[in-house]
Amino acid sequence: MFKKALLALPVAMAVGAAAQAGEWQDPNDVLQQFLQENPDSAYLHQSEMNIMMMPDNPALWLVDEGEELFYAKRGPNNVSLEGCDFGKGPGELDGAYVELPRYFEDTGKVMDFEMRLVHCMKELQGFTSDDAAVGQRHGNGSDIMKLTTFIAHQSSGMAWNPPLDHPQEQAMRDAGEKLFYRRGGAMDFNCASCHGDVGKQIRASVLPHVGTGPEWSKAVSWPAHRAGHDNVRSQNHRIRGCVWQMRHAGIKADTPVNTALISYWNDQARGEPAILPDLKR
Amino acid sequence: MFKKNAVAAGMAAFASVALTAGCAVADGSKGSDVDITAMSADELAEHLIFETDSFRDQEMQEGGDWRDRMTQDDLQKACSMKGDPDGETAGQVVAMARASYEAPESIELGDWRKGAELADSGYGYRQGHRTDDHGQREPGGNCYNCHVFDPRVSDQGTIGPSLQNYGANRGTSEAVLRYVHEVISNPHQYFPCTQMPRFNSDRHQLLSDEQISHIMAYLLDPESPVNNQ
């Protein structure tokens with residue numbers, strides 16, 4: 001704990017006058033604020049049931065489980081994840097999730113959250129891709145989703161603020177924008193086919209609009225309990241589902257295409273508070 | 001260890017250009033040799049799709065592999081802008097779409113009941129963690145995803161215009177039949193850079209001629225529930 005406090009000091013000084021991420025807020029408080037400030041958003045108001053369930057969001061169960069996993073000594077190297085740097089310093093989780101993806105000196109590339117988590121589980125703890133701990137990416141039972149939910153929760157209510165200072169960060173964000181608007185696949189869809197307009201429905205589902213801050217912040221606020229799946233899902237899982245429906249090719253987990261898309265996603269939600277974890281239909 | 005970490009954190013916050021020592025985490029997987037900052041955003045997007053092992057190596061239902069499906073044709077390239085196309089692009093896209101359309105000798109309406117099923121079906125052409133098997137089930141048209149045909153049916157989308165009473169308002173003249181066939185086959189002939197897929201174009205045929213005749217019947221047949229509201 002003493003070590004943590006000492007580490008926080010130089011980071012705080014270095015950040016200096018940079019934009020404040022804001023205070024931690026309960027995810028339901030963030031949602032309620034969005035609802036009140038955007039009474040006409042069909043997307044935000046589409047499910048009374050989910051709004052009602054939000055204080056008892058089942059995703060919150062994973063927060064405690066994830067916390068235990070984070071501080072437990074695990075893997076062949078028998079160490080905790082406290083040495084993992086998500087961009088704010090080793091073990092510093094406050095506000096880390098909303099400031100990803102970012103460039104990491106130690107790998108020389110831009111990494112999104114899941115890529116960084118897996119990196120730490122392999123490099124620090126010694127897990128390999130064959131271990132279920134990192135191999136299993138989806139579902140409430142997976143270590144990845146428990147850890148994701150715990151770590152993301154530490155940034156709830158803070159504004160999305162992925163850094164763009166490093167040229168690689170800007171390059172990945174710009175490529176992500178191109179990917180978002182790139183028509184392709186068997187049915188000529190791009191992401192904007194569904195997310196380019198306000199208040200459109202695909203079947204019964206009201207779609208979030210990429211150009212409307214509060215809608216988009218909620219849209220990219222994964223991890224979220226997805227009621228229809230009865231599981232907590234990640235940003236990567238959402239991308240996989242969209243790309244599948246779009247009839248593009250089958251996308252793999254946490255590859256650079258995901259990173260670029262997430263860089264653009266999170267940039268489009270910039271300045272809006274994150275709902276972590278969220279609850280979705 | 002503590003000192004190193006503090007240095008790394010501080011320097012990362014300053015987005016320092018070069019940091020040769022003091023990494024918090026040892027790592028064998030350095031970034032690739034490619035300088036992504038030397039590429040244009042378009043070049044980098046293509047690089048990420050085709051050169052970073054981001055997609056599963058699978059055969060596509062329409063033939064070809066994942067690269068074929070992810071490679072853009074001219075129309076897709078022309079329509080990859082944010083927002084609507086400018087006048088010049090729109091004209092080029094219409095010309096492209098018209099040049100590749102082959103009108104059938106005659107068009108007849110099929111069975112509207114089969115058309116309703118096809119309009120509802122979202123099966124087909126999906127690839128990845130679950131891949132649609134066209135040998136088990138025929139692909140559908142996905143029409144309900146975006147269009148209301150019959151407000152009595154729940155869960156119809158609004159990305160495209162409502163088609164309620166489409167045939168009742170237009171009749172079934174030869175000209176109407178030809179127009180609807182053109183739009184389903186390649187809608188860019190009339191709506192450049194529309195979000196609607198090309199169901200029968202020079203790129204590929206997603207719906208058979210017979211399937212298209214059924215969907216047309218669902219839209220135009222006076223007996224179809226679409227036209228009885």
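**Figure 1. Aromatic cluster in chain A of the predicted model.** One aromatic cluster is formed by A:F180, A:Y181, A:W216, A:Y264 and A:W265. Over all chains, the structure holds 16 aromatic pairs. A pair of aromatic rings is described by the distance of the centres and the angle of the planes.

**Figure 2. Edge-to-face pair of B:Y179 and B:Y190.** Counted over all chains, there are 16 aromatic pairs in the structure. In the pair of B:Y179 and B:Y190, the ring centres are 4.7 Å apart and the planes make an angle of 70°, an edge-to-face arrangement. B:Y179 counts as partly exposed because its relative accessibility is 26%. B:Y190 is also partly exposed, at 31% relative accessibility.

**Figure 3. Arginine side chains over aromatic rings in chain A and chain B.** In chain A, A:R116 places its charged end over the ring of A:F104, at 3.7 Å from the ring centre. In chain B, the ring of Y166 (B:Y166) has the charged end of B:R170 over it, 3.8 Å from the centre.

**Figure 4. Three-stranded open sheet of chain A.** The strand order is 6-5-7, and the pairing is mixed. Strand 6 (231-233) and strand 7 (278-280) of chain A are the edge strands, each pairing on one side only. On average, and with direction ignored, neighbouring strands of this sheet are turned by 35° against each other. Strands of a sheet pair through backbone hydrogen bonds, either parallel or antiparallel. Strand 5 (residues 224-226) of chain A pairs with strand 7 of chain A in the parallel sense, over three bridges. Opposite A:H225 stands A:L279, which is in strand 7 of chain A.

**Figure 5. Helix 11 of chain A and the elements packed against its buried residues.** Helix 11 (residues 235-245) of chain A is mostly covered, with eight of its eleven residues buried. The buried residues are A:Q235, A:N236, A:H237, A:I239, A:R240, A:G241, A:V243 and A:W244. They pack against helix 5 (113-123), helix 10 (213-220), strand 6 and helix 12 (256-268) of chain A. Just after helix 11 of chain A, A:R247 has a positive phi of about 60°.

**Figure 6. A:N161 and A:G95 in chain A.** A:N161 lies in the loop between helix 7 (143-153) and helix 8 (167-181) of chain A. With a relative accessible area of 22%, A:N161 is partly exposed. The C-alpha atoms of A:N161 and A:G95 are 9.2 Å apart, while the two residues are 66 apart in sequence. In chain A, 70% of the contacts with a separation of 6 or more are between residues 24 or more positions apart. Chain A has twelve helices and seven strands, and 63% of its 281 residues count as buried.

**Figure 7. Interface between chain A and chain B.** Here 64 residues of chain A are in contact with 76 residues of chain B. The area buried between the two chains is about 6,100 Å², and carbon and sulfur atoms give 59% of this area. On the chain A side, A:R183, A:R203 and A:W244 lose the most area to chain B, together 15% of what that side buries. A:W244 is also among the buried residues of helix 11 of chain A.

Note on methods: Residues numbered from 1 in each chain as written. Chains lettered and ligands numbered in written order. Predicted model: local features only at pLDDT ≥ 70, side-chain atom pairs only at ≥ 80, totals over all residues. Heavy atoms only, no water. Phe/Tyr/Trp six-rings, centres within 6.5 Å; stacked < 30°, edge-to-face > 60°. Buried < 20%, exposed > 50% of the residue type's maximum accessible area, 1.4 Å probe, protein only. Lys NZ or Arg CZ within 6 Å of the ring centre and 35° of its normal. Pairing = 2+ DSSP bridges. Helix = DSSP H or I, 4+ residues; strand = E, 2+ residues; numbered from the N terminus. Axes fitted to C-alpha atoms, helices over the stretch in contact; angles between N-to-C directions. Contact = heavy atoms within 4.5 Å. Buried area = accessible area lost by both parts, 1.4 Å probe.
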